Amino acid sequence: MPSPRAESRRSDRPAPSGKQRDAFFDNAKYLAIVLVAVGHSWEPLKGDSRVLEAAYSVVYSFHMPAFIIISGFFSRSFDMRPDRLRRLITGVVVPYIVFETAYPLFKRVVDNDPQQDISLLDPWYLTWFLVALFIWRLTTPIWNAVRHPLPLALGIAMLASVTPSIGDDLDLQRVLQFLPYFVLGLCMKPEHFHMVRRRSVRILAVPVFAAALVFGWWAVPRMNTAWFYHRDAAQELGAPWWAGPVMVLAMFGCSLLLTACFFAWVPGRHMWFTALGAGTLYGYLLHGFVVKAGDYRGWFEHDVLHGPLGEIAVSVLAAVLVTALCTRPVRRVFRFVMEPRMDWAFKRDAAELARERERAQKRETREKVSA
């Protein structure tokens with residue numbers, strides 16, 4: 001029977017939706033962003049290795065779904081309250097505008113391509129996720145209001161997969177085809193994450209991932225990896241229209257299975273990298289400049305990198321790079337872009353002022369009592 005002290009410690013554990021950070025989710029975000037960076041570093045190399053292509057397919061089937069599910073889980077309480085809208089603008093819209101401008105300018109200079117267009121309507125490289133997050137979060141009250149949000153989101157994704165006329169504006173194909181993962185996160189509760197973290201699930205995850213790698217190796221010459229990007233309709237991939245809905249459902253099921261296995265392996269205790277989970281958006285948006293610089297300058301063309309040892313070295317360097325970009329010093333340098341305060345741009349909300357006065361009164365009361 002646990003002691004009263006142990007019970008007290010257990011009750012003090014922060015809830016995932018509370019103000020204190022939860023180690024499991026920070027660990028999951030950090031590990032997912034490492035997989036994102038490693039996957040990007042594999043893109044210039046995977047054409048020479050069927051094994052690497054298979055690993056790339058497996059990683060791409062769950063790393064962004066895992067990230068999006070967590071984003072949805074922490075968006076459950078989003079509403080149109082002014083302070084939350086301000087955070088959405090400063091934490092998503094402003095970084096999108098900055099990086100959607102910075103990446104094309106970077107290509108103009110580093111790749112010597114002065115004709116590269118700058119367009120806020122056509123997300124470039126990594127910035128699609130910010131557009132998607134903005135749209136998903138704005139629609140959160142709708143998903144919280146409807147009776148069956150996940151089947152509805154899946155239906156929208158299936159329809160998008162057969163509608164090439166959607167075009168490239170705001171990368172809406174990705175927004176709509178990845179939507180079910182965000183809605184699933186909205187529907188989840190903390191106990192759902194605890195279910196997949198049981199020892200039995202961790203053990204089962206080993207053969208599941210092994211089978212996924214074998215299937216990925218088999219599918220390399222038979223399947224277009226562009227399906228994993230969710231950025232095109234079936235017709236644009238040279239497939240019949242009915243393949244779109246089928247692939248949406250099939251990949252949703254496979255992605256959920258592998259995402260559950262990934263969550264099963266994520267440690268729930270504080271690790272050396274736990275604090276880095278708070279800076280994953282920094283790592284996500286900044287590591288692309290190094291990857292693109294390598295692509296523009298031909299760094300990945302060296303023969304030594306196209307063998308097993310070279311591929312391992314590139315993977316390790318990508319993991320180290322994105323880890324460094326998630327650290328506190330980097331976040332301090334780029335906070336003015338990623339999390340600007342911008343108090344000058346917004347009117348003070350009456351309800352927020354009232355809450356601040358109430359908090360100040362409570363502090364004064366506590367100080368008087370302690371005195």
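Q: What makes two rings a pair here?
A: Rings of Phe, Tyr and Trp (its six-membered ring) pair if their centres lie within 6.5 Å. Planes under 30 degrees apart count as stacked, over 60 as edge-to-face and the rest as tilted. The model is predicted, so local features need pLDDT of at least 70, and side-chain atom pairs count only at pLDDT 80 or more. Residues are numbered from 1 along each chain, and side-chain values use heavy atoms, without hydrogens or water.

Q: Which residues do ring pairs link into a cluster?
A: Phe24, Phe25, Phe62, Phe73, Phe74, Phe193, Phe209, Phe262, Phe263 and Trp265.

Q: How many aromatic pairs does the rule give?
A: The count is 35.

Q: Why is the pair of Phe99 and Phe289 called tilted?
A: Their planes are 40° apart, and the centres 6.1 Å.

Q: Why are helices H12 and H13 called oblique?
A: They pack at about 135°. Under 35 degrees is roughly parallel, over 145 roughly antiparallel, 65 to 115 roughly perpendicular, and the rest oblique. H12 and H13 are therefore oblique to each other.

Q: What kinds of residue make the contact of H12 with H13?
A: Twelve are nonpolar, none is polar and one is charged. Ala, Val, Leu, Ile, Met, Phe, Trp, Tyr, Cys and Pro count as nonpolar, Asp, Glu, Lys and Arg as charged, and the others as polar.

Terms used
Axes are lines fitted to C-alpha atoms, for helices over the stretch in contact, and angles run from 0 to 180 degrees between N-to-C directions. Helices (H or I, at least four residues) and strands (E, at least two) are DSSP runs, numbered from the N terminus.
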